[in-house]
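Thanks for coming, everyone. Please take a look at the sequence and the structure before I start.

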Amino acid sequence: MGMLASLISGFAAGETMAAVRRARTAAIVYALAALAVLCGVGFLIGAAYVWVAGRYGPITACLAFGAGFLVIAGLLLLIHKLSAGARTRRGARRRNADMKAIGMTAALAVLPTLLKGKGGLGTILGPAIALAAYAIYRENTKPDTDDPDAGEAK
């Protein structure tokens with residue numbers, strides 16, 4: 001209830017609107033700065049083109065700059081493709097950890113209710129023992145990845 005009162009008083013005091021105004025102003029300033037950076041980079045590329053064209057000729061300069069930008073684009077795509085696999089693996093690990101945390105939280109939330117019910121401790125121990133037995137079974141039936149004959153019939 002205290003947070004709601006704080007939020008309402010914040011609205012009443014105008015602090016929230018001031019924060020929104022500051023964020024909007026900062027976004028506009030950053031957008032204008034990014035535009036200025038793009039213009040600056042464009043002029044630097046133009047100056048480099050004029051210099052290369054004066055030194056080696058306009059056709060050679062066009063071909064060199066075109067090839068250079070194609071190489072940069074290819075490198076960017078290659079780096080993105082290589083890092084996509086790592087991002088996918090990180091996301092899968094994060095989702096797996098989140099699901100384990102959710103499962104543990106749900107189990108802990110239900111635990112008092114299960115202990116009070118008719119089955120009591122047996123309701124919890126039965127599935128836990130089955131889960132442990134399944135984990136032991138899976139551990140003992142994993143194929144040996146170092147053995148080249150692991151998948152073959154003997």
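First, a term: pLDDT is the predictor's confidence in each residue, from 0 to 100. This is a predicted model, so local features need pLDDT of at least 70, side-chain atom pairs count only at pLDDT 80 or more, and totals for chains, interfaces and linings use all residues. Residues are numbered from 1 along each chain as its sequence is written, and side-chain values use heavy atoms, with hydrogens and water left out.

Confidence next. The protein chain has a mean pLDDT of 80. In it, 75% of the residues reach 70 or more. Among its elements, helix α2 (residues 15–56) has the highest mean, 92. Helix α1 (residues 2–13) has the lowest, 66. Where pLDDT is low, the predicted coordinates should not be read in detail.

Now the fold. The protein chain has four helices and zero strands. Helices (H or I, at least four residues) and strands (E, at least two) are DSSP runs, numbered from the N terminus. The pattern along the sequence is α-α-α-α.

On to burial. Buried means under 20% relative accessible area, exposed over 50%, and partly exposed in between, with a 1.4 Å probe and protein chains only. Of the 154 residues in the protein chain, 5% count as buried. The accessible surface is about 13,100 Å² (Shrake-Rupley, 1.4 Å probe; for residues, only the protein chains shown count as cover). Carbon and sulfur atoms hold 72% of that surface.

Which residues make the nonpolar surface patch? They are Val37, Val41, Ile45, Phe69, Ile72 and Leu76, and the patch covers about 540 Å². Nonpolar side chains (Val, Leu, Ile, Met, Phe, Trp, Tyr) are joined within 5 Å, like charges within 9 Å. Both α2 and α3 supply at least two residues each. Phe69 sits in helix α3 and is partly exposed at 43%.

Aromatics. Rings of Phe, Tyr and Trp (its six-membered ring) pair if their centres lie within 6.5 Å; planes under 30 degrees apart are stacked, over 60 edge-to-face, the rest tilted. That rule gives one aromatic pair. Tyr49 and Phe65 are edge-to-face, 5.6 Å centre to centre, with 80° between the planes. Tyr49 is in helix α2 and Phe65 in helix α3 (residues 58–116), so the pair ties together parts 16 residues apart in sequence.

How values were computed: Patches are made of residues with over 30% relative accessible area and no salt bridge: like charges are joined within 9 Å, nonpolar side chains (Val, Leu, Ile, Met, Phe, Trp, Tyr) within 5 Å. A salt bridge is a side-chain nitrogen of Lys or Arg within 4 Å of a carboxyl oxygen of Asp or Glu.
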